[in-house]
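Let's take a walk through this protein, starting with its sheet and ending with its cores. Keep the 3D view open as you read.

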Amino acid sequence: MAVELYSEDFDPWALVARAERDIPAQARGAASVFVGRMRDFNEDDTVTGLFLEHYPGMTERELERIVAEAESRWPLLGCLVAHRVGDVRPGDALVLVATWSAHRIAARDACSDILERLKHEAPFWKRERLADGSDRWVEKNTPGF
Amino acid sequence: MTVTVHYFARLREEMGRADETAELPTESISVGDLWRHLHGDAPPERLMVAVNQEQAALDTLVRDGDEVAYFPPVTGG
């Protein structure tokens, strides 16, 4: 299990490839990967930048708790959560959740559970920069659809 | 007792500071009373709190050396 925070743009697919090397290829029948990137729009407005504030220490601890609870519910061979913090530009990777298991349903359900809990519970706060130069704090995440 | 206090996000901006140290003549105080001591008014609605980086409530007791954080509802990752 690994939880990693990045203050610079990161390559989620390189992290997936790196994490997979630690899991025996013959055992990992299923990998489920979610990569979320920053859009350049939100609620009909053009967004030119995002500041992602976190609580150093507590944010990592909360993410580790979410992952540990998923590991207790599903038989996982590996799990990696990477999250961006600080100043983010449209197109940058924001979040990576990757899970490995012998079978597809455990990998897929665990990945989805970790992602949804992270989207609602993890101590992150978002401040958007709009095209006119103004800033606004985001009150809550948009629904996932 | 000495307590470290952190503020995050919109609250940090409204307070004009991210951190402060509180010195109190008592051995313990609730998170809500600590807010009243520092700011002279009741905690705002929807205030979230953590003690030693664990989610807590306004009636959670704080002791010497503890770390208290006040923040608005989280946006999530």
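Two strands count as paired if DSSP finds at least two bridges between them. Strands here are DSSP runs of E, at least two residues long, and helices are runs of H or I, at least four, numbered from the N terminus. The model is predicted, so local features need pLDDT of at least 70, side-chain atom pairs count only at pLDDT 80 or more, and totals for chains, interfaces and linings use all residues. Residues are numbered from 1 along each chain as its sequence is written.

Now find the open sheet in chain A: four strands in the order β1-β5-β7-β2, with mixed pairing. Its edge strands, β1 (2-6) and β2 (30-37) of chain A, each pair on one side only. Look at β2(A) and β7(A), which run antiparallel and share eight bridges. Which residue of β7(A) is the bridge partner of A:V35? That's A:L96.

Next, the cores. A nonpolar core is a set of buried Ala, Val, Leu, Ile, Met, Phe, Trp, Tyr and Cys residues joined through side-chain atoms within 4.5 Å. Buried means under 20% relative accessible area, exposed over 50%, and partly exposed in between, with a 1.4 Å probe and protein chains only. The largest such core has 27 residues, and A:V81, A:L94, A:V97 and A:I114 have the most contacts inside it. Helix α3(A) gives the largest share, six residues. There's also a second, separate core of 18 residues, including B:V3 and B:Y70. As a general rule, nonpolar side chains tend to be buried together in soluble globular proteins.

How values were computed:
Chains lettered and ligands numbered in written order. Heavy atoms only, no water.
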